[in-house]
Amino acid sequence: MAHILAPEKQRMALQLLVEGTSLRSITRLTGIHRTTVMNLMVRFGEACRQFLDEEMQSLNLRHIQCDEIHTFVHTRQKNLRIENRDQPNIGEIYLWTALDTDTKLVPTFAIGKRSADMARRLMMDLASRLDLPNPHASDAHNFRAGMGFQHVTQISTDGFAAYPEAVDLAFGPYVKFGTLVKDYKNANMNPGVYSPASLISTKRKARFGMDESEARSICTSHVERNNLTIRTFMKRFNRLTLGFSKKLENLVAATALHMAYYNFVWKPSTLKGSTPAMAAGVTSRLWTF
């Protein structure tokens, strides 16, 4: 008869994972084999992804910021063999995130290469989760004379060249979109040695759906701050760490587990006791782990 891990131990292992504890540390603390913890994380992470897909629907979010976070799977990009450098599931990988400025909700995420295709995937998935106008909203009798189309949200991104086309494809005329490019000094002054660069200038640009008078509202600071939360509780994304994923499936499952916990259990200090899901109206109650 196969041995089934007690539910209490399963919950303990999963809660240690979302608190940023490493697999080997969980093994030492709980006595659960590392492979068992990994299998539990993948199974529960896949369920979390399905849960998020079901819950994150018909959202009304005022201002969404998007960014990408770097990590690697199996092997660092520079160490890959030439014949393996085009494989999509190993080497350099990015977590693409979208975060609402007001509620701090992460309505969706995507994991893959830093490419135009992934930018389109992120934006199309994000658009499918928002409460967009129906197809007839663009008819002549629904067009507000002198005012243009109704904008359902604003999107701010960095200067990655693929974003404008991806946003236009996913949202059409129903979005305000702008980019924020930040310039740094002393970046990569000492190759191989990590040292934070200093911000010297920013350049905001209203792309479409907004004019230059609204450019000051373009912002990516909140999603960049959320990158710190992600790196703190998922060592796979931390800089200068020994933690990394050997399989893309493990990375996707770990991220889904974190996002479900973050949206429904985590209470950002700016929300004063509410979770992002509560602030966005996805749920009316405070969830426990």
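1. At what angle do helix α4 and helix α5 pack, and how far apart are their axes? Helix α4 (residues 116-129) and helix α5 (residues 163-171) pack at an angle of about 30 degrees, and their axes are 8 Å apart. That makes α4 roughly parallel to α5. Angles under 35 degrees count as roughly parallel, over 145 as roughly antiparallel, 65 to 115 as roughly perpendicular and the rest as oblique. Axes here are lines fitted to C-alpha atoms, for helices over the stretch in contact, and angles run from 0 to 180 degrees between N-to-C directions. The helices themselves (H or I, at least four residues), like the strands (E, at least two), are DSSP runs numbered from the N terminus.

2. A word on the basis. This is a predicted model, in which local features need pLDDT of at least 70 and side-chain atom pairs count only at pLDDT 80 or more, while totals for chains, interfaces and linings use all residues. Residues are numbered from 1 along each chain as its sequence is written, and side-chain values use heavy atoms, with hydrogens and water left out.

3. Back to α4 and α5. Their crossing is right-handed. A crossing is left-handed if the near helix is turned anticlockwise from the far one by less than a right angle, and right-handed if clockwise. From α4, Ala119, Arg120, Met123, Met124, Leu126 and Ala127 meet Tyr163, Glu165, Ala166, Val167, Leu169, Ala170 and Phe171 of α5. Contact means heavy atoms within 4.5 Å. By class, this contact of α4 with α5 has 11 nonpolar, no polar and two charged residues. Ala, Val, Leu, Ile, Met, Phe, Trp, Tyr, Cys and Pro count as nonpolar, Asp, Glu, Lys and Arg as charged, and the others, Gly among them, as polar.

4. Next, α3 against α7. The axes of helix α3 (residues 34-55) and α7 come within 7 Å and cross at roughly 55 degrees. That makes α3 oblique to α7. The crossing is left-handed. On the α3 side, the contact uses Met38, Met41, Val42, Phe44, Gly45, Cys48, Arg49, Phe51, Leu52 and Glu55. On the α7 side are Asn250, Ala253, Ala254, Ala256, Leu257, Met259, Ala260, Asn263 and Phe264. The residues of this contact of α3 with α7 divide into 14 nonpolar, three polar and two charged.

5. Phe44 lies in α3. Buried means under 20% relative accessible area, exposed over 50%, and partly exposed in between (1.4 Å probe, protein chains only). Leaving aside neighbours within four places in sequence, Phe44 is in contact with Leu14 and Leu257. Phe44 and Gln10 are 34 residues apart in sequence, and their C-alpha atoms are 9.9 Å apart in space.

6. Now α6 against α7. Helix α6 (residues 221-233) packs with α7 at an angle of about 125 degrees, and the axes are 11 Å apart. That makes α6 oblique to α7. The crossing is right-handed. Asn226, Thr229, Ile230 and Phe233 of α6 make the contact with His258, Met259 and Tyr262 of α7. By class, the contact of α6 with α7 has four nonpolar, three polar and no charged residues.

7. What of α6 itself? Helix α6 has 13 residues and reaches 19 Å from its first C-alpha to its last, close to the 18 Å expected at 1.5 Å a residue. The expected span is 1.5 Å times one less than the number of residues. Val223, Asn226, Asn227, Thr229, Ile230, Arg231 and Phe233 are buried in α6. Their cover includes α1 (7-18), β1 (63-73), β2 (91-100) and α7.

8. Tyr261 is found in helix α7 (residues 248-264). Tyr261 counts as buried because its relative accessibility is 12%. Not counting residues up to four places away in sequence, Tyr261 touches Val18, Glu19, Trp266 and Phe289. Tyr261 and Gly31 are 230 residues apart along the chain, and their C-alpha atoms are separated by 24 Å.

9. Two backbone points to check. Lys104, in the loop between β2 and β3 (108-112), has phi near 65 degrees, a positive value in a residue other than glycine. At 15% relative accessibility, Lys104 counts as buried. Lys272 is in the loop between α7 and α8 (276-279). Its phi is positive, about 55 degrees, although Lys272 is not a glycine. At 78% relative accessibility, Lys272 counts as exposed.
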